[in-house]
Amino acid sequence: MEPADPSRIAKLNADYARAIDDDRLEDWPTFFAESCLYTITSADNHRQGLPAGLMYADSKGMLHDRVAALRKANIYERQTYRHLVGLTAILDEKDSSTITETPFLVVRIMRDGRMDLFATGRYLDALVEEAGALKFRERLVVCDSSRIDTLLAIPL
Amino acid sequence: MSASDPARAWPDAALTRVPYWLYQDEANYRTELRRIFEGPTWSFVCLEADLQHRGDFRTTFVGEMPVLVVRGEDGVIHAFENRCAHRGALISLDDQGTAKHFQCVYHAWTYDLQGNLTGIAFEKGSHGRGGMPPSFSKAAHGPRKLETAILHGLVFASLCPDAPSIEAYLGEEIVGRVARVLRRPIRVLGRFVQALPNNWKLYVENVKDTYHASLLHAFFGTFRITRLTQGGGILVSPDGGHHASYTIDRADDRSSTAYREQGIRSERQDYRLADPSLLDSVDEFGDGIQLQILTVFPGFVLQQIQNCLAVRQVLPKGLDAMELHWTYFGFADDTAEMRTRRLRQLNLVGPAGYVSMEDGCVGGFVSRGAAAAGDEVSVVNMGGDGTESAETRATEASVRGFWKAYRRYMGH
């Protein structure tokens, strides 16, 4: 089945990470399907079936709102991420979605030059074909740790 | 540091000037742990909902002291220091679980669910040699036990047997404000830890500071979740240590131009949500209060922002570091619609919260800004110099209240 083509999935993940790391946050919602869910949680919460997220967007509008808030409303020190995205495991095909798991590591670089390993975890994704492109219908970001340093502004 | 050191004294009796060395002095910090966190105060340790069955336990901290909180065989919630009476190792290495007893991994000393020492490995030695002296009393050795109190599903602990009852500690008004929110059985929705690069007091002051909320947080101001021109006010307990601030939406505020006229950044007329379902809230407590932030001295917060509910535990981790332990919750009888509403509104709070993200970094900004200002003072003068409850939030009365209680416990 076409959506499960590993090279297309790899390109989607690479383009997603580059958009965030290059501060093209306005492009970030375009990687999602019209009907979508994006949440960030921890491995502990995920294991226990606790549904709350650090970010929780169950519409594409909410993704746009997150970007607008970061650009116009929220105060945080200038910072960037460097995503290192690992190899994707293709787990299943169901409901016309491809279910995948991809590990990631994010270094946060602060304006004063400080670099820290900010987050590690895995993307649990449901991918769909929409308008000829592969999109995230669901992207559940499961961080290995429940501990966030200072604040989480930019999406993972 | 000592209060008798002239360079380390309060400027005067007033609460309107706070010296910066209070956030920077290591000896003062150690004194805080002893006199405040381990003193006659109450610290939140967990939700009663976390310990539903006998043997259920959680590990947490009171100040820097590791603590085990357990529902015992007797059905009562007990708390004791998570420290083996033998050599001081942690007794439990888990965040939560269910146990019949606890056994230290180091030398297998065993404790019951109330923290009593019940077993010593090789107590009688081996082949008639070694072992503990016959005079050794297990009953006389054990981790320190804490008093526990439950208030509307919140479990508090105190190391001081002479602490007043939790109701007397908080006072009738604050107890009423806790009861207002916690009327039904709780269901936990998630937990997160936020590590903050600042002294614990800077965060507690921030939570008590109603003046900053709509100024620092643009999200609040623009969407009229809370603005100083809205109705509401602040309750400060008689001892100053506890507070509840609240906001009531008022129709006449919708045309208010006070923020625009003062050129305040948080007023942005052009900012609209693409998906306003985030702010779709219901008046679930039936009193029109959109927002209530409540603190219990020294380090507990109960938060209701519309339908977004959470408790926050302030844990000091050294002079310049602290952790904020967030527990997001709803109620056990929430409809699916209400649960979704809460999950959406939780975007407002926590480490990535639209309105609380800034609170994660602003304490660090103060720490860095005042790094060389130990002998200087900050100004806490909005609304005068008192600590009384007020019908406005353009006041720093509850921040002064914090320092009033702080000075009393510390003997400053």
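**Entry 1: the largest pocket**

I began with the largest pocket of this predicted model, and I read about 760 Å³ of space in it. I then looked up its lining and found 38 residues. Nearest the centre of the largest pocket lie Arg58(B), Thr59(B), Asp95(B), Val193(B) and His325(B). I listed the elements that give two or more residues to this lining. Chain A supplies helix 2 (43-47). From chain B come strand 2, strand 3, strand 4 (65-71), strand 12 (186-196), strand 17 and strand 18 (322-331). I also noted the lining by class: 14 nonpolar, 13 polar and 11 charged residues.

**Entry 2: the second largest pocket**

Next I took the second largest pocket, with a volume of about 460 Å³. Its lining has 18 residues. I wrote down those nearest its centre as Glu205(B), Asp209(B), His212(B), Val366(B) and Glu396(B). Four elements of chain B, namely helix 4, helix 5 (213-216), helix 9 (357-369) and strand 19 (377-379), each give at least two residues to this lining. By class I have 11 nonpolar, 4 polar and 3 charged residues for the second largest pocket.

**Entry 3: helix 9 of chain B**

Helix 9 of chain B had come up in the pocket lining, and I looked at the helix itself. Helix 9 has 13 residues and reaches 19 Å from its first C-alpha to its last, close to the 18 Å expected at 1.5 Å a residue. Which residues of helix 9 of chain B are buried? I found Met357(B), Glu358(B), Asp359(B), Gly360(B), Cys361(B), Gly363(B) and Gly364(B). I then checked what covers them, and the cover includes helix 3 of chain A. Strand 12, helix 4 and helix 5 of chain B are also part of that cover.

I followed up the second largest cavity, which has a volume of about 80 Å³. It is lined by 13 residues, and the closest to its centre are Tyr56(A), Ala57(A), Met62(A), Asn347(B) and Tyr354(B). The elements that give two or more residues to this lining are strand 2 (55-57) and helix 3 (60-72) of chain A. Helix 3 of chain A gives the most, with 4 residues. I recorded the lining of the second largest cavity as 9 nonpolar, 1 polar and 3 charged residues.

**Entry 4: Pro51(A)**

I looked up Pro51(A) and placed it in the loop between helix 2 and strand 2 of chain A. Leaving aside neighbours within four places in sequence, I found Pro51(A) in contact with Leu189(B), Arg339(B) and Leu343(B). I also checked Phe31(A), 20 residues from Pro51(A) along the chain, and the two C-alpha atoms are separated by 23 Å.

**Entry 5: Ala17(A)**

Ala17(A) sits in helix 1 (residues 6-21) of chain A. Ala17(A) counts as buried because its relative accessibility is 7%, where the cut-off is under 20%. Not counting residues up to four places away in sequence, Ala17(A) touches His83(A) and Val85(A). I compared positions with Val106(A), 89 residues apart from Ala17(A) along the chain, and their C-alpha atoms are separated by 9.8 Å.

**Entry 6: helix 1 of chain B**

Last I went to helix 1 (residues 26-37) of chain B, which has 12 residues. From first C-alpha to last it reaches 16 Å, close to the 16 Å expected at 1.5 Å a residue. At the start of this helix, I found a side-chain oxygen of Asp25(B) within 3.0 Å of the backbone nitrogen of Ala27(B). I listed the buried residues of helix 1 as Asn28(B), Tyr29(B), Thr31(B), Glu32(B), Leu33(B), Ile36(B) and Phe37(B). Residues three or four places apart in an α-helix point the same way, because there are 3.6 residues a turn. What do the buried residues of helix 1 of chain B pack against? I found strand 2 (43-47), strand 3 (56-62), helix 4 (200-208), strand 17 (308-316) and helix 10 (397-410), all of chain B.

Asn28(B) is buried, with a relative accessible area of 0%. A polar contact of 3.1 Å joins its side chain to that of His412(B).

Key: Residues numbered from 1 in each chain as written. Chains lettered and ligands numbered in written order. Predicted model: local features only at pLDDT ≥ 70, side-chain atom pairs only at ≥ 80, totals over all residues. Heavy atoms only, no water. Expected span 1.5 Å × (residues − 1). Buried < 20%, exposed > 50% of the residue type's maximum accessible area, 1.4 Å probe, protein only. Contact = heavy atoms within 4.5 Å. Polar contact = N/O pair within 3.5 Å; in protein donor to acceptor, adjacent residues only side chain to side chain. 1 Å grid on protein atoms, 1.4 Å probe; cavity = no way out; pocket = protein on both sides within 12 Å on 5 of 7 lines; lining within 4 Å. Points joined across faces, edges and corners; volume = space filled by probe spheres on them. Nonpolar A, V, L, I, M, F, W, Y, C, P; charged D, E, K, R; others polar.
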